[in-house]
Amino acid sequence: MAREASLIAQDRLIHEELEKFIHREKAQAAASPNGVHTLLDFIHQNLFARNLNVSAIKTACHTKNNNVSTHFKKAMGMGLHQYLEHKRMAAAAMLLEKEELNVFLIASAVGYAHEESFTRAFRRHFGCTPTAYREKLAEKKC
């Protein structure tokens, strides 16, 4: 019972923090180049959906151009896939600052079906595992 209550409390905190994150991202996207507003709006509304990928974005935004990622890259400095991973990792890093949050719950909340996939992406992005990242954060607090 206590474990279930803890998971519910963690889930609630994650949801609140991710809403704040999305709000900040939407505000920053308002200053983005005109050609990518539709894509960014859709991405930010669905950033943590497990099925969000380049194909889903193109379909949802009715983009038939096969070079949409190239155009996005010119405007944003990175391709669609990189942007998705970058934003998800930024959200995960923010959540990892909360020591009480379970890494598996964080992985799931930012759009990863498997903790292993999340850990690989996190290591690619930050050069360490989520647990090692959290430990580094804790050391800096001391």
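Guide: Buried means under 20% relative accessible area. Keep that cut-off in hand. The model here is predicted.

Visitor: Is E17 buried or exposed, and what is its relative accessible area?

Guide: E17 has a relative accessible area of 11%, so E17 counts as buried.

Visitor: Where does E17 lie?

Guide: E17 is part of helix α1, which covers residues 2-29.

Visitor: Which residues is E17 in contact with, leaving aside its neighbours within four places in sequence?

Guide: Those contacts are M94, L95 and K98. One of these names comes back later. L95 also belongs to the set of α5 residues that meet α8.

Visitor: Let me step back. How many helices and strands does the protein have?

Guide: The count is eight helices and zero strands. Read from the N terminus, the order is α-α-α-α-α-α-α-α.

Visitor: What does the C-alpha trace span along its principal axes?

Guide: About 50 × 30 × 30 Å. Of the 142 residues, 37% are buried.

Visitor: What share of the contacts with a separation of 6 or more comes from residues 24 or more positions apart?

Guide: That share is 61%.

Visitor: Now the helix pairs. How do the axes of α2 and α4 cross?

Guide: Read the distance and the angle together. The axes of α2 (residues 37-46) and α4 come within 11 Å, and they cross at roughly 95 degrees. Angles of 65 to 115 degrees count as roughly perpendicular. The two helices are therefore roughly perpendicular to each other.

Visitor: Which residues make the contact between α2 and α4?

Guide: From α2, L39, L40 and I43. From α4, V68, F72 and M76. By class, this contact has six nonpolar, no polar and no charged residues.

Visitor: How do the axes of α2 and α5 cross?

Guide: They come within 12 Å and cross at roughly 35 degrees. The crossing is right-handed. L40, I43 and H44 of α2 meet L80, Y83 and L84 of α5. That contact has five nonpolar, one polar and no charged residues.

Visitor: How far apart are L40 and K26 in sequence and in space?

Guide: They are 14 residues apart in sequence. C-alpha to C-alpha, they are 8.1 Å apart in space.

Visitor: And how do α5 and α8 cross?

Guide: Helix α5 covers residues 80-96 and α8 covers residues 130-141. Their axes come within 10 Å and cross at roughly 50 degrees. That makes α5 oblique to α8. The crossing is right-handed.

Visitor: Which residues meet there?

Guide: A93, L95 and L96 in α5 meet P130, Y133, R134 and L137 in α8. By class, the contact has six nonpolar, no polar and one charged residues.

Visitor: Next, cysteines. What is a disulfide?

Guide: A disulfide is a covalent bond between the sulfur atoms of two cysteines. In this structure, a search of the whole model finds zero disulfides.

Visitor: Are C61 and C128 buried or exposed?

Guide: C61 is buried, with a relative accessible area of 14%. C128 is buried too, at 8% relative accessibility.

Visitor: What should I know about phi?

Guide: Most residues other than glycine have a negative phi. In this structure, H62 is not a glycine, yet H62 has a positive phi of about 55 degrees.

Visitor: Where is H62?

Guide: H62 sits in the loop between α3 (54-60) and α4 (68-76). H62 counts as exposed because its relative accessible area is 70%.

Visitor: One last residue. Where is S117 found?

Guide: S117 is in helix α7, residues 115-126. S117 is partly exposed, with a relative accessible area of 25%. S117 and A107 are 10 residues apart in sequence. In space, the two are 8.6 Å apart, C-alpha to C-alpha.

Key:
Residues are numbered from 1 along each chain as its sequence is written. This is a predicted model: local features need pLDDT of at least 70, side-chain atom pairs count only at pLDDT 80 or more; totals for chains, interfaces and linings use all residues. Side-chain values use heavy atoms; hydrogens and water are left out. Axes are lines fitted to C-alpha atoms, for helices over the stretch in contact, and angles run from 0 to 180 degrees between N-to-C directions. Helices (H or I, at least four residues) and strands (E, at least two) are DSSP runs, numbered from the N terminus. Angles under 35 degrees count as roughly parallel, over 145 as roughly antiparallel, 65 to 115 as roughly perpendicular and the rest as oblique. A crossing is left-handed if the near helix is turned anticlockwise from the far one by less than a right angle, and right-handed if clockwise. Contact means heavy atoms within 4.5 Å. Ala, Val, Leu, Ile, Met, Phe, Trp, Tyr, Cys and Pro count as nonpolar, Asp, Glu, Lys and Arg as charged, and the others, Gly among them, as polar. A disulfide is a pair of cysteine sulfur atoms within 2.5 Å. Buried means under 20% relative accessible area, exposed over 50%, partly exposed in between (1.4 Å probe, protein chains only).
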